[in-house]
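Crossing sense, geometry and contacting residues are taken in turn.

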Amino acid sequence: IFMEHDFKEMFRLLSNKGIDNVNLEMLPFDQKKEIYEKYAELFVNEKGKDATYIVVKAYYKANNFNKAKERLVNELKESVKEKKFKYSYYLALLLKDDEMIKFLEQFKDDGVDKNINFDHFYTELKSETEAKHDKLWWI
């Protein structure tokens with residue numbers, strides 16, 4: 001069983017190295033799941049692509065697909081309200097929301113975030129969803 005100080009050490013490692021650069025494969029799945037879910041919870045109240053990236057990536061790694069989808073859906077709603085159309089477009093792509101993708105395609109170059117690069121955000125999360133494609137979590 002992981003103790004509180006173990007979590008703090010893991011979170012420090014994840015924060016310093018980045019969620020993509022820490023390998024927890026040597027741990028039993030229950031421990032990894034608990035670490036990733038608790039790490040995601042640290043960023044749940046933060047908005048924006050960096051926090052969303054960490055939250056979604058952590059929930060994917062914990063196989064908590066409902067929480068990952070919930071974050072993407074909520075972030076999409078907020079980013080549309082804030083006229084972040086390019087970010088919204090990439091969120092819609094990740095959610096495979098065809099109707100929203102078609103709608104946002106028209107505006108993605110006119111939003112307040114038109115000059116922000118979302119390539120890493122999108123390609124990394126997309127590859128994560130494809131790696132888990134056998135889990136029909138979009139349904």
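## Helix α2 against helix α3

Helix α2 crosses α3 in a left-handed sense (left-handed: the near helix is turned anticlockwise from the far one by less than a right angle; right-handed: clockwise). By class, this contact of α2 with α3 holds 10 nonpolar, no polar and three charged residues (nonpolar: Ala, Val, Leu, Ile, Met, Phe, Trp, Tyr, Cys and Pro; charged: Asp, Glu, Lys and Arg; polar: the others, Gly among them).

The model is predicted, with local features requiring pLDDT of at least 70 and side-chain atom pairs pLDDT 80 or more, while totals for chains, interfaces and linings use all residues. Residues are numbered from 1 along each chain as its sequence is written, and side-chain values use heavy atoms, leaving out hydrogens and water.

The axes of α2 (residues 29-43) and α3 (residues 49-61) come within 8 Å and cross at roughly 160 degrees. Axes are lines fitted to C-alpha atoms, for helices over the stretch in contact, with angles from 0 to 180 degrees between N-to-C directions. Helices are DSSP runs (H or I, at least four residues) numbered from the N terminus.

On the α2 side, the contact includes Phe29, Tyr36 and Tyr39; on the α3 side, it includes Ile54, Val55 and Tyr59 (contact: heavy atoms within 4.5 Å).

## Helix α3 against helix α7

Helix α3 also packs with α7 (residues 119-131), at an angle of about 10 degrees and with axes 11 Å apart. The two helices are therefore roughly parallel (angles under 35 degrees). This crossing of α3 with α7 is left-handed.

Among the α3 residues in this contact are Lys49, Tyr53 and Lys57; α7 contributes residues including Phe121, Glu124 and Glu128. The contact of α3 with α7 divides into five nonpolar, three polar and five charged residues.

Key: Parallel < 35°, antiparallel > 145°, perpendicular 65-115°, else oblique.
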